[in-house]
Amino acid sequence: MTDEPTRRRPTLDEVAEHAGVSRTAASRVLNNAPNVSRGKREAVLRAIEELGFVRNPTARALATQQAGAVALIIAGEDPAVLADPFYGQVIAGTSTVLEETDLHLVLCLATSTRGQIRVKQLLQSRAVDGVMLMSLRGDDPLSQLALEAGVPAVFGGKPLHGDVPFYVDVDNVRGAREAAEHLVSLGRTRIATITGPLDTDVGLARRRGYHEALTLAGVPFRAEAGGDFTERGGMAAMEELLARHPDLDAVFAANDNMAAGALRVLHRAGRTIPGDVAVVGFDGLAASEIAEPPLTTVRQPIRDIGREMTRMLLALIAGEKPSPLILPTTLIRRDSA
């Protein structure tokens, strides 16, 4: 008994012939390119399935001079950043878009000087076809590295410095303003805030929204403590605020992690929520629903951030010039305020 001979892989020409389209049209469908009619696209996809066509990634890379991968680069000071469910949602959104392409996702943490050197090497070697960058702070060199490398680059949130042409962000000022306005509408007059890092655009924007709301409402009280978007940072900031302003009656925390830390400190201090102190967060993470009490928060479409960043990057790789995108936020009212 002999083994069956290995079946020859069908070629792209055979796929095109089976689908009744040109080789160019079949190639455009395989590369998920625009400007292919629905009928031709469906015919090619059907031919691929019927013939059992499998693309050769090595041949594709040689033909297109593409690496076949894109990178998501997250700046930060601690590899534990990936434990934050925010980034899990971003990665999920990115993955759903890449599933429709032949591109792989490379995840990079630039959490140290060594990490930044590795990212620089990645960009200079052209090992990826494009990059998405998130969590840049201050004068982080990653932004300039990406632009100088000539690799298509999309930013998740605007960097604090520099004029970058392609980014996806949310309306942080408006979202924070709505959060503070909600607290004012509850009759709170001593509203404090736990800010995000003020060497980031997002930290400054949410702080600005808080100040705008209080100014428009004629509320003179201002109290803030700096946080780092972690629960531990929120706890430290809340302890500082209580020590300085024991009579505060509301807190806007610039993200849900810090709001969770604030809730823990307030419980420990014997403050009722929202009776003594109303609390509002920002993000809309799943954990905000099971907080004690459930957290009023400004929901941002986190998974959509990942999706839209990836779509924008694919458009850049295809030679298009997409516009920056600002996504809306929604105030979700729960028991904490």
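**Group meeting: contacts and packing in a predicted model**

Let's start with T94. Leaving out residues up to four places away in sequence, T94 touches L105, M132, G306, R307 and T310. Contact here means heavy atoms within 4.5 Å. T94 sits in helix α5, residues 85-98. Its relative accessible area is 0%, so T94 is buried. The cut-offs: buried is under 20% relative accessible area, exposed is over 50%, partly exposed is in between, with a 1.4 Å probe and protein chains only.

A word on the source. This is a predicted model, where local features need pLDDT of at least 70, side-chain atom pairs count only at pLDDT 80 or more, and totals for chains, interfaces and linings use all residues. Residues are numbered from 1 along each chain as its sequence is written, and side-chain values use heavy atoms, with hydrogens and water left out.

Now the whole chain. The protein chain has twelve helices and twelve strands. These are DSSP runs, numbered from the N terminus: helices are H or I with at least four residues, strands are E with at least two. Of its 337 residues, 47% count as buried. Take the contacts with a separation of 6 or more: 70% of them come from residues 24 or more positions apart.

Next, rings. The structure holds one aromatic pair. The ring centres of F86 and Y87 are 5.2 Å apart and the planes are at 85°, so this pair is edge-to-face. The rule covers rings of Phe, Tyr and Trp (its six-membered ring) with centres within 6.5 Å; planes under 30 degrees apart are stacked, over 60 edge-to-face, the rest tilted. Both F86 and Y87 are buried.

There is also a charge over a ring. R206 lies over the face of F282, 3.7 Å from the ring centre. The test is NZ of Lys or CZ of Arg within 6 Å of the ring centre and within 35 degrees of the ring normal.

On to helix packing. Helix α1 (residues 12-19) and helix α2 (residues 23-30) pack at about 105°, axes 8 Å apart. Axes are lines fitted to C-alpha atoms, for helices over the stretch in contact, and angles run from 0 to 180 degrees between N-to-C directions. On the α1 side, L12, D13 and A16 meet R23, A26, S27 and L30 of α2.

Last, a loop. D163 lies between β4 (153-156) and β5 (167-170). Its relative accessibility is 75%, so D163 counts as exposed. D163 and S143 are 20 residues apart in sequence and 10.0 Å apart in space, C-alpha to C-alpha.
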